[in-house]
Amino acid sequence: MKPVLNRRTLLSGLGAMIATGAVAGTPLAPERSLRPVLRNGAVRASAVAGPETVLRKAGISGESCWAVADVATGQRLESMNGNKAQPPASVAKTVTALYALETLGADYRFTTRVMIDGTMSNGVLNGDLILAGGGDPTLDTDALAVLAQRLKSTGLREVRGRFIVYDGALPYVRSIDEDQPEVVGYSPAVSGIALNFNRVRFEWKRAQGGYAVKMDAETARYRPEVASSVMTVVQRSAPVYTYADRDGRDHWTVASAALGKGGSRWLPVRRPGDYAGDVFRTLARAHGIVLKPARTESRPPAGAIVVAEHSSDRLWTVLQDMLKYSNNLVAEMVGMTASARREGKPPQSLRASAREMSRWAAHRFDMKNTALVDHSGLGDASRMTPDDLVAALVEVHRRGVLRPLLKPIAMRDDRGRVLTNHPVKVDAKTGTLNFVSGLGGFMTAPNGAELAFAIFSADTAARGRLSRAERVRPDGGRAWNGRAKRLQQMLIDRWGALYGS
């Protein structure tokens, strides 16, 4: 008959071992806690499947690795190829959040300013008006409308000089990851100013003889049309979208066969300064202030005077939303702002900023096997080991820094249904690319023990075979991701049974 292991049997066995040690002259107080972690191989095999069995049941191709530790003691409980460097995908945002918090502080706010360079008399500005970006990744049309209203309240009626958008607080990046398809909204351009996460809304409706199309900067209260992005419907079936940077504007075409009766979608912006200037110009005109077409510059003039400003939410809130919604633009702008603070000037490039953050992580948390190419995890050339991340998680948990920012992760059954009363509670950051999946964070086991963990899976060969266009919805990608998430759930269940019962 197969032996049955229960808590009474386990504790009785442990008691016998303690008694035997005492008779032999060994001390009653062991060197390590006797909290039953089921380290004995035979006992563990009879109670919970081993890591190799869990990996085999998941049926996932490529390579998977993980690590888990007790946050109270720092003791490493399990490491399966824990020193294997893998693409972390958006799990990298956890490091970005820690980097920004330590460098900028939880109460830091990003500020966007309107400035004048000249003299104003009787409501007339003899000089230039400047919209100065301060690296705010959350700036939206509603906020620009507030700035336009505040500008009006100064008494300004006319601007006789230029309208300048300053975007040099951060370096310009055409696309967060140039290997991504041109059309995806999660890889827009980045600069010192951003609007609506650098996305523009494309709306279409079937009309007599074709389609009526509109490009706008929609938010909760406003929907100004924009001229910095242009859409043309073309009679074709494929490709669905094409893009070109021409005449100082984003030029898009869309295949008529893909449109149907009507709809909308967000497209990435490649010229953030022009986009923000375009929208602000429209909002200012609504208050009777006519501005010339915007031109972008990388440095505001010395001596310019601030006449209106808008501040973001505190950094803590910005990071909480970044981790919840996994917004890549926010991660890049926050990370580069932190690098700018550390270096005393804007970083030379996004990659240079990511290298600075990697150096910080190596020094701060001994993450010496981690090398990131961005702050969001979108670039698949980034590498991180589970051992590195778990060591950092253990340290920051003692200060109560990260877990309150992370999103609760629901435990699910084999059919993907949420288990509302599952005894294990998880707060973590997910990470997903095509044929790449990660999960890192904290779990509370049934007995209250808190563990830090990191799980990385990647089939880099399958990902490497994809063309740029195939990265939107690759064949087999969704099924592979499902198996990766199943592995994550099985491991968390396993750790809850082993180390928290």
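These are legends for a set of close-up views of a predicted model.

**View 1. The whole protein, to get your bearings.** Before zooming in, here's the overall picture of this predicted model. The protein has 501 residues, and 51% of them count as buried. Its secondary structure comes to twelve helices and 18 strands.

**View 1. The whole protein, to get your bearings.** The protein has 501 residues, and 51% of them count as buried. Its secondary structure comes to twelve helices and 18 strands.

**View 2. The largest nonpolar core.** This core gathers 44 residues, and the ones that touch the most other members are Val95, Leu315, Leu319, Val334, Leu389 and Leu402. Helix H4 gives the most, with seven residues.

View 3. Look at the start of H8 and you'll find a side-chain oxygen of Asn327 within 3.1 Å of the backbone nitrogen of Leu329. Just after the helix comes Gly344, which takes a positive phi of about 80°.

View 4. Is Gly344 buried or exposed? Gly344 counts as exposed because its relative accessible area is 68%, and the cut-off for exposed is over 50%. For a sense of distance, Gly344 and Glu102 are 242 residues apart in sequence, while their C-alpha atoms are 16 Å apart in space.

**View 5. Helix H6, mostly tucked away.** H6 runs through residues 272–285, 14 residues in all. From its first C-alpha to its last it reaches 20 Å, close to the 20 Å expected at 1.5 Å a residue. Eleven of those 14 residues are buried, so the helix is largely enclosed by the rest of the structure. Among the buried ones are Pro272, Tyr275, Val279, Phe280 and Leu283.

View 6. Start with Asp366, whose phi is about 60°. Asp366 is found in the loop between H9 and H10, and it is partly exposed, with a relative accessible area of 46%. Then move to Phe435, where phi is near 65°. Phe435 is found in the loop between strand E16 (425–433) and strand E17 (436–444). What is the relative accessible area of Phe435? The value is 8%, and Phe435 is buried because the cut-off for buried is under 20%.

View 7. The bond to look for joins Ala238 and Pro239; it is cis, with omega about -5°. Pro239 lies in a loop, with strand E9 (229–234) on one side and strand E10 (241–246) on the other.

**View 8. The second largest pocket.** About 450 Å³ of space lies in this pocket. Which residues lie nearest its centre? They are Arg412, Asp413, Lys485, Arg486 and Gln489, out of 16 lining residues. Helix H12 (residues 477–499) supplies the largest share of the lining, seven residues. Sorted by class, the lining has seven charged, five polar and four nonpolar residues.

**View 9. Two pairs of residues, by sequence and by space.** Gly168 is found in the loop between strand E6 (163–166) and strand E7 (199–207), and it is buried, with a relative accessible area of 18%. Gly168 and Ser298 are 130 residues apart along the chain, yet 4.0 Å separates their C-alpha atoms. The other pair begins with Arg265, in strand E12 (residues 262–268). Arg265 is partly exposed, with a relative accessible area of 30%. Arg265 and Ala304 are 39 residues apart along the chain, with 38 Å between their C-alpha atoms.

Definitions and conventions. Residues numbered from 1 in each chain as written. Predicted model: local features only at pLDDT ≥ 70, side-chain atom pairs only at ≥ 80, totals over all residues. Heavy atoms only, no water. 1 Å grid on protein atoms, 1.4 Å probe; cavity = no way out; pocket = protein on both sides within 12 Å on 5 of 7 lines; lining within 4 Å. Points joined across faces, edges and corners; volume = space filled by probe spheres on them. Helix = DSSP H or I, 4+ residues; strand = E, 2+ residues; numbered from the N terminus. Nonpolar A, V, L, I, M, F, W, Y, C, P; charged D, E, K, R; others polar. Polar contact = N/O pair within 3.5 Å; in protein donor to acceptor, adjacent residues only side chain to side chain. Core = buried A, V, L, I, M, F, W, Y, C linked by side-chain atoms within 4.5 Å. Buried < 20%, exposed > 50% of the residue type's maximum accessible area, 1.4 Å probe, protein only. Expected span 1.5 Å × (residues − 1).
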